[in-house]
Amino acid sequence: MDVNTSGIIGQSTTLAEVFKVLGKVAPTDSTVLVTGESGTGKELLVRALHANSQRAEKPFVPINCGAIPKDLLESELFGYAEGAFTGAKKGGKVGLFEMAHNGTLFLDEIGEIPTSVQAKLLRVLEEKIVMRIGQERYIPINVRIVCATNKDLAELVRCGKFREDLFYRLNVLRLNLPPLRKHPEDIEELADSFLSWLPQSLSLPRPQISPEALAVLKLYHFPGNIRELRNVIERLVVIAKGREIRESDISRVLLMNEAPCGNSHK
């Protein structure tokens, strides 16, 4: 099948393999776990998964589980009834599970959710029902769950930080997004894409990259992956101010990006 890649840039054989798996996984209704290092573009891949699914015209609801305070995450996911706790909104609140009804709920950084919420998430996955906090009524839902993580969930299970039964329930189908260093042939196309809009957003003229500078860029390992490449291109746009980006510009910017200590591939 033809796959809608939803803005994922790259023509490498590495990404082609990812798209091949995506084409097989997307039409199903199974739970999917997307893995990959930080900055590889996991949310874009999840959006492509939704766009190629039978739920494409239904809601896509994302939440970054690591960005929500742990004491608020439960109410965000499941909602709450009026008067459920101090500060609760009048009339209560609809949770994200209900908002994603008939569509896709994307749980990013799934490894960050507390164990108390893990238990409730497992029940939702098994019984297809939710209960708002402070309410004694179950609400049936029809939601496809897609999760993403840059952590080793199996290791978290071994350490007692993630429920084993939930791990197996989430790990039905898996999509792995490789780091940029595994497909450096896509760097040129990615850089060109960033250069097509970043200068305008910064009110600066668009520079060109010399072949020598591009060669240096392709040799860099990019521990921060595509997110780091985007930041590098933005710095280069500011430094060049419309002139050609030279090899010395690339070297200077990449030196600024080196981690001060430790292993930046973690």
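**Pockets and helix neighbours in a predicted model**

Reader: Which helices each supply at least two residues of the lining of the largest pocket?
Author: The model shown here is predicted, and the elements named below are taken from it as it stands. Three stretches of the chain, residues 42–51, 187–195 and 225–240, each supply at least two residues of that lining. In the order of those stretches, the elements are helix H2, helix H8 and helix H11.

Reader: What volume does the largest pocket have, and which residues are the closest to its centre?
Author: The volume of the largest pocket comes to about 530 Å³. Its lining is made up of 23 residues, and the closest of them to the centre are Gly-39, Thr-40, Gly-41, Lys-42 and Arg-227.

Reader: How many residues of each class does the lining of the second largest pocket have?
Author: The second largest pocket holds about 210 Å³ of space, and the residues that line it include Phe-78, Lys-120, Arg-123 and Tyr-138. Helix H5 (115–127) and strand S6 (129–131) are the elements that give two or more residues to this lining. Sorted by class, the lining has seven nonpolar, two polar and three charged residues.

Reader: Is Asp-249 buried or exposed, and which side chain does a polar contact of 2.8 Å join to that of Asp-249?
Author: Asp-249 belongs to helix H12, which runs over residues 247–257. Its relative accessibility is 2%, and because buried means under 20%, Asp-249 counts as buried. Leaving aside residues up to four places away in sequence, Asp-249 touches Leu-236, Ile-239, Arg-243 and Glu-244. Among these neighbours, the one whose side chain is joined to that of Asp-249 by the 2.8 Å polar contact is Arg-243.

Reader: What distance separates the C-alpha atoms of Val-216 and Glu-247?
Author: Val-216 sits in helix H10 (residues 211–219), and with a relative accessible area of 21% Val-216 is partly exposed. Beyond residues up to four places away in sequence, Val-216 touches Glu-247, Ile-250, Ser-251 and Leu-254. Although Val-216 and Glu-247 are 31 residues apart along the chain, the separation of their C-alpha atoms is 6.9 Å.

Technical notes: Residues are numbered from 1 along each chain as its sequence is written. This is a predicted model: local features need pLDDT of at least 70, side-chain atom pairs count only at pLDDT 80 or more; totals for chains, interfaces and linings use all residues. Side-chain values use heavy atoms; hydrogens and water are left out. On a 1 Å grid over the protein atoms alone, a cavity is a set of points where a 1.4 Å probe fits but cannot get out, and a pocket is an open set with protein on both sides within 12 Å along at least five of seven lines; lining residues have an atom within 4 Å of a point. Grid points are joined across faces, edges and corners, and a volume is the space filled by probe spheres set on the points. Helices (H or I, at least four residues) and strands (E, at least two) are DSSP runs, numbered from the N terminus. Ala, Val, Leu, Ile, Met, Phe, Trp, Tyr, Cys and Pro count as nonpolar, Asp, Glu, Lys and Arg as charged, and the others, Gly among them, as polar. Buried means under 20% relative accessible area, exposed over 50%, partly exposed in between (1.4 Å probe, protein chains only). A polar contact is a pair of N or O atoms within 3.5 Å; within protein, one must be able to donate a hydrogen and the other to accept it, and residues adjacent in sequence count only if both atoms are side-chain atoms. Contact means heavy atoms within 4.5 Å.
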